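Hello,

Here is the structure we spoke about. Please take a look, then read the notes below.

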Amino acid sequence: NGYNNNNDNILNSVPNKLSLRFEKPSTSASSPSSNLVGKQVETTTKDGRRRIMPITLKEVPVVSQKPVQPTKRVLLTPVSNSVARPSQRTKTVEVVKSSTISLGDIPVKLSNRFLPTTKTPLCKAQQKQEPKDKLFAVISGCRVEVDNIQNVVSFTLDSKTWKTVLYSPVTALSAGDCYLVLGCKDGTLHVYDKQGVLAFPVLNVGCSILRSAVNGNYVAVVTTAPALAIWNVSEKKNVLKDESLASFMSENRSICSLEITKEGHVTIGLSNKTSYCYSYSLSAWMLIGHHQLDSHWYKELQTNKQSTSQILSPILQSHTQTPDSSTHKDKLHLNTVLMLEQQILVAENLSSYSECRLWLCSLVRYLTLQQEEDRLQALLQRLVSSPQQTLFGDDKLTVLKELLKIVATNVNCQRVYSDFKQQVQWVESKR
């Protein structure tokens, strides 16, 4: 009886809300759950004990779902130069079904290795370049014709014509006094003399050649890497190898011209009207041309170029574009002074002393024209106080007298002229 009383207490203690979860089984014979008991049944055994049949719960139908793959765990060790604490040496990163690693909790040094790098847009030099069907050049009276359809080069001198074959279309052609340079799409470089004979081994620079230049014994090419390479043909050696030009290339700027002097100094012109010259001693590019310059100085420079019979380096030739007059006048003035000072240093680095004097006279003439007495006096004082007896490869006194004549052309600079004249006379008296 104690057992039965306990059962009664248990049944009475079941909450009423529990009955809401039970559903009466279907009486259909076809249903597999028809044998389930939906009501509690109580019977009495022969010995007088109560027997309770428990309620059988109805099966809940299972909705078919795609199997969920188990979560993988990848053990990553942060990369660091310092020794991490024992609790910080490893981090666990969950890998979801798409096998993508979450980088939220990974140290920065490690996560940078997994982050996708943004692809930089191709510059104009890196875009696909279609060679022309026909190219022509003349070298020492020899007419050269390049047929990119047949990949044949024809040399015609007087009434004689001979041909040679190429293995790729020509994308760059340049001719000098002694050599003809052909740069091909497959990266091969061919150098011929004026008789049409190979004067240099056929080279492969690794990628398509964009531009070429030749002067004297020096050959220069710009590739679509973009990079610059220079060779000396007579000595058959490389002068400069794979000098990167990536800093000059962008969506809004590209290389428009390539020139080289007989001494091997290379100058490149960009589409934004700036020019650069490479310095072997500094292993860097020097700015030699800018479009934001004062128009007054530009006119004076053109007059100076016409009166100069000496062939100068490409520094002077780089100032062929009309200056930009839309910029503010004060900025144009400062750019012009800075550019003239830069030209003096560049010419000195290239050991072109005659050109140093040309730029120095141009700077003094411009400062005199603009009546900048303070800057002009500081420049002249620095030249007078120089301990050297020569200036830019010429006698110091001769250079000072030449500058004195320039200062005398403006009556508004008489104070500077008087002081400078006394200093020149003092230098002459010490001789």
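**Aromatic residues**

Tyr 278 and Trp 285 are both buried. A word on the source before going on: this is a predicted model. The ring centres of Tyr 278 and Trp 285 are 5.2 Å apart, and their planes meet at 70 degrees. That angle is over 60 degrees, so the pair is edge-to-face.

The whole structure has six aromatic pairs. Another of them is Phe 248 with Tyr 276. Here the centres are 4.8 Å apart and the planes are at 35 degrees, so this pair is tilted. Phe 248 sits in the loop between strand 16 (237–244) and strand 17 (255–260). Tyr 276 belongs to strand 19 (residues 275–279), so the pair ties together parts that are 28 residues apart in sequence. Phe 248 has 5% relative accessibility and counts as buried. Tyr 276 counts as buried too, at 17%. One aromatic cluster takes in Phe 248, Tyr 276, Tyr 278, Tyr 280 and Trp 285.

**The chain overall**

The chain has 431 residues, and 39% of them are buried. Its secondary structure comes to nine helices and 22 strands. Take the contacts between residues at least 6 apart in sequence: 44% of these join residues at least 24 apart.

**Largest pocket**

The volume of the largest pocket is about 460 Å³. It is lined by 20 residues. Closest to the centre are Ile 344, Glu 348, Arg 382, Leu 383 and Phe 392. Helix 5 has the largest share, with six residues. By class, the pocket lining has 11 nonpolar, five polar and four charged residues.

Is Phe 392 buried or exposed? Its relative accessible area is 17%, so Phe 392 is buried, the cut-off being under 20%.

**Largest cavity**

How many cavities of 30 Å³ or more are there? The count is one. The volume of the largest cavity is about 40 Å³. Its lining is made of Gln 377, Leu 380, Gln 381, Val 416, Asp 419, Phe 420 and Gln 423. Helix 7 and helix 9 (414–429) each supply at least two of the lining residues. The largest share, four residues, comes from helix 9. By class, the cavity lining has three nonpolar, three polar and one charged residues.

**Thr 368 and its contacts**

Thr 368 is in helix 6. With a relative accessible area of 2%, Thr 368 is buried. Which residues does Thr 368 touch, leaving out those up to four places away in sequence? They are Leu 376, Ile 406, Val 407, Thr 409, Asn 410 and Cys 413. Thr 368 and Ile 406 are 38 residues apart along the chain, and 7.7 Å separates their C-alpha atoms.

**Backbone points to check**

Ala 225 and Pro 226 are joined by a cis peptide bond, with omega about -5 degrees. Pro 226 is in the loop between strand 14 (218–223) and strand 15 (227–232).

Gln 371 is not a glycine, yet it has a positive phi of about 60 degrees. Its place is the loop between helix 6 and helix 7. At 41% relative accessible area, Gln 371 is partly exposed.

**Cysteines**

The structure has zero disulfides. Cys 356 is at 0% relative accessibility and counts as buried. Cys 178 is at 39% and counts as partly exposed.

Best wishes

Note on methods: Residues are numbered from 1 along each chain as its sequence is written. This is a predicted model: local features need pLDDT of at least 70, side-chain atom pairs count only at pLDDT 80 or more; totals for chains, interfaces and linings use all residues. Side-chain values use heavy atoms; hydrogens and water are left out. On a 1 Å grid over the protein atoms alone, a cavity is a set of points where a 1.4 Å probe fits but cannot get out, and a pocket is an open set with protein on both sides within 12 Å along at least five of seven lines; lining residues have an atom within 4 Å of a point. Grid points are joined across faces, edges and corners, and a volume is the space filled by probe spheres set on the points. Ala, Val, Leu, Ile, Met, Phe, Trp, Tyr, Cys and Pro count as nonpolar, Asp, Glu, Lys and Arg as charged, and the others, Gly among them, as polar. A disulfide is a pair of cysteine sulfur atoms within 2.5 Å. Buried means under 20% relative accessible area, exposed over 50%, partly exposed in between (1.4 Å probe, protein chains only). Rings of Phe, Tyr and Trp (its six-membered ring) pair if their centres lie within 6.5 Å; planes under 30 degrees apart count as stacked, over 60 as edge-to-face and the rest as tilted. Contact means heavy atoms within 4.5 Å.
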